[in-house]
Amino acid sequence: MDLQDRMFKISKVNIDGIELDQATWTELVQENTNFSQTISKMRQELKQLKYKEKRLIKLILTMKKLNYPVEEIYEQDVRKQRKRRKTKQI
């Protein structure tokens, strides 16, 4: 079950049916801590991916300015690889 599914499931929990003893609170705090750590890691990863994306865009634009055939290479190589992967998955 991924994070989004777990968060959706949590949002639908009826709090009235949960016992409010020490064990339950400890478990809830632990789970909340785990979610917080996961979200923090995901934010950091997203930040890194955004940085990499900006660098790649700059590289591609620079290559285009230098008349490097970026679109042709994409069409010839990248698209073919995607089609091959889709065909293998079927």
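Buried means under 20% relative accessible area, exposed over 50%, and partly exposed in between, with a 1.4 Å probe and protein chains only. What you have open is a predicted model, where local features need pLDDT of at least 70, side-chain atom pairs count only at pLDDT 80 or more, and totals for chains, interfaces and linings use all residues. Residues are numbered from 1 along each chain as its sequence is written, and side-chain values use heavy atoms, leaving out hydrogens and water.

**Stop one: I10.** Select I10, in helix α1 (residues 3-11); helices here are DSSP runs of H or I, at least four residues, numbered from the N terminus. I10 counts as partly exposed because its relative accessibility is 39%.

**Stop two: the pocket.** The largest share, 5 residues, comes from α2.

**Stop three: a charged pair.** Which residue forms a salt bridge with E71? Select K64: the closest N and O atoms of the two are 2.8 Å apart. A salt bridge is a side-chain nitrogen of Lys or Arg within 4 Å of a carboxyl oxygen of Asp or Glu, and the structure holds 1. E71 is partly exposed, at 46%, and K64 is partly exposed too, at 37%.

Notes: Helix = DSSP H or I, 4+ residues; strand = E, 2+ residues; numbered from the N terminus.
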